[in-house]
Each structure stands twice: as structure tokens, then as C-alpha cells.
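Work through the two exercises below with the sequence and the model at hand. Each task is followed by a solution in steps.

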Amino acid sequence: MICLMCHNTILTEMSILNMFEKDSPICESCSTELLKETDTNYEYPHEVISFLSYNEAVANLFHRYKFMGDNALKEVLASFVSHNFKQYDFVISIPLSSKRLKERGFNQVTEVLDCLKVKYTDVLETSHRKRQSERSKIERTESQNPFTIKSTFDVSKLLDKRILIVDDIYTTGMTMTHAVNVLMMHRVNEIKVLTFSKV
Ligand SMILES: [Zn+2]
């Protein structure tokens, strides 16, 4: 087998112990690099379920996956995610604008959820945002929240439900705060936040 990160051959000795384990899509040295912890003193506005520190190797992985179109790397991200998704009524991914989706060709979050066979619901949408400099002062204050609920989604379904919002990387928490605020308006029971990596 070839490592999806460094493209070297993965040498695994078959033994009775690892016979039934799922093959890892990457070699051990790449796995070690990705799992390196980074120090952070940052206070997050949410309790975040996350699996990888945003270290150099992880940043490189996301760069190749999102911007260089190395779509096979979704399997690498999926291999680190271990969570009981069944405890939620709705798993909702942070949406891409249709412009961004067209540029990239795929949604980097739902691709990983597909690998994990997690069922998700298309609830949020976002329109492509103009750059700060292109927007008027009024536009800037009025369009602070980039997310809305899709008009095709019946919001009464959210009443009293447990929700998980999923994104790829958690940085300042702004994106999540916006998404949480939009969903909170519909009297949900609880919202949890999960990202593959956290800065
Ligand atoms: Zn490797």
C-alpha cells in the first residue's frame, strides 16, 4: 500500500494483532507528524470536538486537499475522526458559497463525512461575500452573519433537536458562532461543534 501523504510504500507486517484492523491510509511517520500537538493559549468561544492540532503537517495536508485538489486526502482526515455521530438528530456542515464550490469542485467537509458514512442534512447556505473593501459601511454591519437557513428546509424540524455543526478547521470561532446563532433562533435543544482540526 502507498501512503497518501508522502507516497512511500507502507510496510506493515501481518500479525494476528493487526489482521482485523482497518488499514491506515498513511504511513506511521506521516501519522506521527500529523498528530503533533501545537501550543495554544487561545480561548475558544465554544467547546470544540477536534482531532488534529493545526501544526505544519496538518496545514500542508489541508493545502493539498483544498487548494491543490488532492481529493484522496479526505480519507486521511477521515481516518483521524472518531466520534459517535448517531447521538445527534442533525449533522450539519458549514456550507460553501456556490462560487467557492464551483472553484473547488467539492465540499471539503461533506466529502470527509461521506467517507465516514455519516448522514448529514443540508440546512445552511451562504452567498459569496464581497470583500470588506467592496462593501459599504451599512452592508458591513447588516450582513455580519453570512449564513441563512435554506428556504427549502422546514425550520420547525429543528425544535428541541440535538445538532452537531461540522467544519474543517476551527480558527477564531467566528464562523461557528455565526452558524450557531442562526440555528439557535429555532429553539433547538443543544448544539455541539466538531472540526477536523483546531488552531
Ligand atoms: Zn507517509
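For sorting residues by class, Ala, Val, Leu, Ile, Met, Phe, Trp, Tyr, Cys and Pro count as nonpolar, Asp, Glu, Lys and Arg as charged, and the others, Gly among them, as polar. The model is predicted.

**Exercise 1.** Describe the largest pocket by volume, lining and residue class.

*Solution.*
Step 1. The volume of the largest pocket is about 640 Å³.
Step 2. Its lining consists of 27 residues, and those nearest the centre are Ile94, Pro95, Leu96, Arg100 and Thr175.
Step 3. Two or more lining residues come from each of helix 2 (56-67), helix 4 (98-104), helix 5 (108-115), strand 5 (162-170) and helix 7 (174-184).
Step 4. Sorted by class, the lining holds 11 nonpolar, 10 polar and 6 charged residues.

**Exercise 2.** Identify the donors of the zinc ion, then work out the geometry of the site.

*Solution.*
Step 1. The SG atoms of Cys3, Cys6, Cys27 and Cys30 coordinate the zinc ion at 2.3 Å.
Step 2. Along the chain, these donors follow the spacing C-x2-C-x20-C-x2-C. Cys6 lies in the segment before helix 1 (28-34) and Cys30 in helix 1, so that the pair, 24 residues apart, links distant parts of the chain.
Step 3. Four donors count as tetrahedral if all angles lie between 85 and 135 degrees. The 4 donor atoms here subtend angles of 103 to 116°, and therefore the arrangement is tetrahedral.
Step 4. Is each cysteine of the pair buried, partly exposed or exposed? Buried means under 20% relative accessible area. Cys30 has 12% and is buried, whereas Cys6 has 30% and is partly exposed.

Conventions: Residues are numbered from 1 along each chain as its sequence is written. This is a predicted model: local features need pLDDT of at least 70, side-chain atom pairs count only at pLDDT 80 or more; totals for chains, interfaces and linings use all residues. Side-chain values use heavy atoms; hydrogens and water are left out. On a 1 Å grid over the protein atoms alone, a cavity is a set of points where a 1.4 Å probe fits but cannot get out, and a pocket is an open set with protein on both sides within 12 Å along at least five of seven lines; lining residues have an atom within 4 Å of a point. Grid points are joined across faces, edges and corners, and a volume is the space filled by probe spheres set on the points. Helices (H or I, at least four residues) and strands (E, at least two) are DSSP runs, numbered from the N terminus. Donors are N, O and S atoms within 2.8 Å of the metal (3.2 Å for Na, K and Ca); water is not among the atoms, so sites may look incomplete. Four donors count as tetrahedral if all angles lie between 85 and 135 degrees; four count as square planar and six as octahedral if opposite donors are over 155 degrees apart and all others between 65 and 115; anything else is irregular. Buried means under 20% relative accessible area, exposed over 50%, partly exposed in between (1.4 Å probe, protein chains only).
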